[in-house]
Number of protein chains: 2
Amino acid sequence: MRIGVLGTGMVGNALATKLVELGHEVKMGSREAGNEKAVEWVSGVSDERASEGSFADAAEFGELVVNATAGVASLAAVEQAGPENLEGKVLIDVANPLDFSGGMPPRLSVCNDDSLGEQIQEAAPGARVVKALNTINASVMVDPGKLGDAGTLFICGNDEEAKAQVSDLIASFGWPREDILDVGDISGARATEMYLPLWLRLMGVEGGPNFSIRVVR
Amino acid sequence: MRIGVLGTGMVGNALATKLVELGHEVKMGSREAGNEKAVEWVSGVSDERASEGSFADAAEFGELVVNATAGVASLAAVEQAGPENLEGKVLIDVANPLDFSGGMPPRLSVCNDDSLGEQIQEAAPGARVVKALNTINASVMVDPGKLGDAGTLFICGNDEEAKAQVSDLIASFGWPREDILDVGDISGARATEMYLPLWLRLMGVEGGPNFSIRVVR
């Protein structure tokens, strides 16, 4: 499948690399084609299936698109990607609205009555946004076997078929299907994004990002 | 031990009943002594160790005090309890700042840059506030054996000795010590209170409140 990955950071990098490994054609998008990190990624992966371009190039290229930009830059990225390039496509939103401008710990730039996932759905109304993978560290999301127990992965979105397709993709990363939990429509993004303050606290307690949470009964 | 429980709702009731069962003397506090639900509780428990009174009566009575009032009413309750009656005492804050005034799902009346736990600590500066038990349903918090796996219980607060004392009390409810996780100072209340939107979503998915989350690695 052709996949556009918006974002050149740790999350974009990990996902884009994994997707190429799985045989997908991946275009990494950034504000301008020729972005240093994107070019470095293409060169590092050294696979004809890896390419880079602008946000719009990546969105147009992808049959499926992943938003892995920094949360506070995500709306601008989606705007630059062009809602028309996202029309009818599944858009996996992995970002968290973490605002580091006031120092550590970051605050959420949106929460409680709204969420980044919902704002992205509004900004690209023709896209089928699925919030997923945002509650877990990049290295674990593409390699759940890295942990003895990678816990529960939460997904949400308004389109059932899109969620099924995203579940298939996530399962192809190695996530057991029974650990992928659908928490409803895109407003569930409020819930999974607002988990981030606890995630950040736990990272401090655990001494690193290699942990997860599992829903237990 | 003499314990004051502020609040006559489901959480206050469950905790007060469990504490009497464990041999503690418990005074349930409400806005005014003689509150119908409090009187009913005393009568139902039918144990000389159970009594009721005003918030101030309960706070004065307790060597340890529990805030189990509705989150949006908690600051008023602590004010009525009297900071002077809480001086030097451990105050377990179990409440969540859920505001149901706009319908379901409730929003948080405070979050992100502040928390109810911190506001209570500020309102009663001489109290040693420990946020605990707020991430789990009342019936499970006093009977973790009700679930096959009751998961991880998060506590936080500024006073190490107070947290140790609260851990002892929670362990006496049946919680394994290794499942009680200290997430730092009282600002950790932001993290555990902001988990509530996810808890509410999961309650919908699970079809009820009998679940928990476990930190896994």
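## A residue at the chain boundary

Which residues does Thr192(B) touch, not counting residues up to four places away in sequence? In this predicted model, Thr192(B) touches Lys131(B), Asn134(B), Thr135(B), Phe154(B) and Val183(B), together with Leu198(A) from the other chain. Thr192(B) lies in helix 9 of chain B, which covers residues 188–194, and the side chains of Thr192(B) and Asn134(B) are joined by a polar contact of 3.4 Å. Because its relative accessibility is 1%, below the 20% limit, Thr192(B) counts as buried.

In chain A, Thr192(A) is likewise placed in helix 9, and with a relative accessible area of 1% Thr192(A) is buried. When residues up to four places away in sequence are left aside, Thr192(A) touches Lys131(A), Asn134(A), Thr135(A), Phe154(A) and Val183(A), and across the boundary Leu198(B).

## Extent of the interface

The contact between the two chains involves 36 residues of chain A and 36 residues of chain B. Between them, chain A and chain B bury about 3000 Å², of which 61% is on carbon and sulfur atoms. Of the area that chain A buries against chain B, 22% is supplied by Arg201(A), Val216(A) and Arg217(A), more than by any other three residues.

## Polar and charged links

Across the interface of chain A and chain B, 19 residue pairs are found in polar contact, with both residues at pLDDT 80 or more, and six salt bridges are found there as well. A salt bridge links the side chains of Arg201(A) and Asp185(B), with an N to O distance of 3.1 Å; Arg201(A) is also one of the three residues named above for their share of the buried area.

## Elements on the side of chain A

The elements of chain A that give two or more residues to the side touching chain B are strand 7 (107–108), strand 10 (180–182), helix 9 (188–194), helix 10 (196–206) and strand 11 (212–216). Helix 10 gives the most, with six residues. By residue class, this side of chain A divides into 18 nonpolar, nine polar and nine charged residues.

## Strand pairing between the chains

Strand 11 of chain A is joined by five bridges to strand 11 of chain B (residues 212–216), and the two strands run antiparallel. Within this pairing, Val216(A) has Ser212(B) as its bridge partner in strand 11 of chain B, and Val216(A) is, with Arg201(A) and Arg217(A), among the three residues that supply 22% of the area buried by chain A against chain B.

How values were computed. Residues numbered from 1 in each chain as written. Chains lettered and ligands numbered in written order. Predicted model: local features only at pLDDT ≥ 70, side-chain atom pairs only at ≥ 80, totals over all residues. Heavy atoms only, no water. Contact = heavy atoms within 4.5 Å. Buried area = accessible area lost by both parts, 1.4 Å probe. Salt bridge = Lys/Arg side-chain N within 4 Å of Asp/Glu carboxyl O. Polar contact = N/O pair within 3.5 Å; in protein donor to acceptor, adjacent residues only side chain to side chain. Helix = DSSP H or I, 4+ residues; strand = E, 2+ residues; numbered from the N terminus. Nonpolar A, V, L, I, M, F, W, Y, C, P; charged D, E, K, R; others polar. Pairing = 2+ DSSP bridges. Buried < 20%, exposed > 50% of the residue type's maximum accessible area, 1.4 Å probe, protein only.
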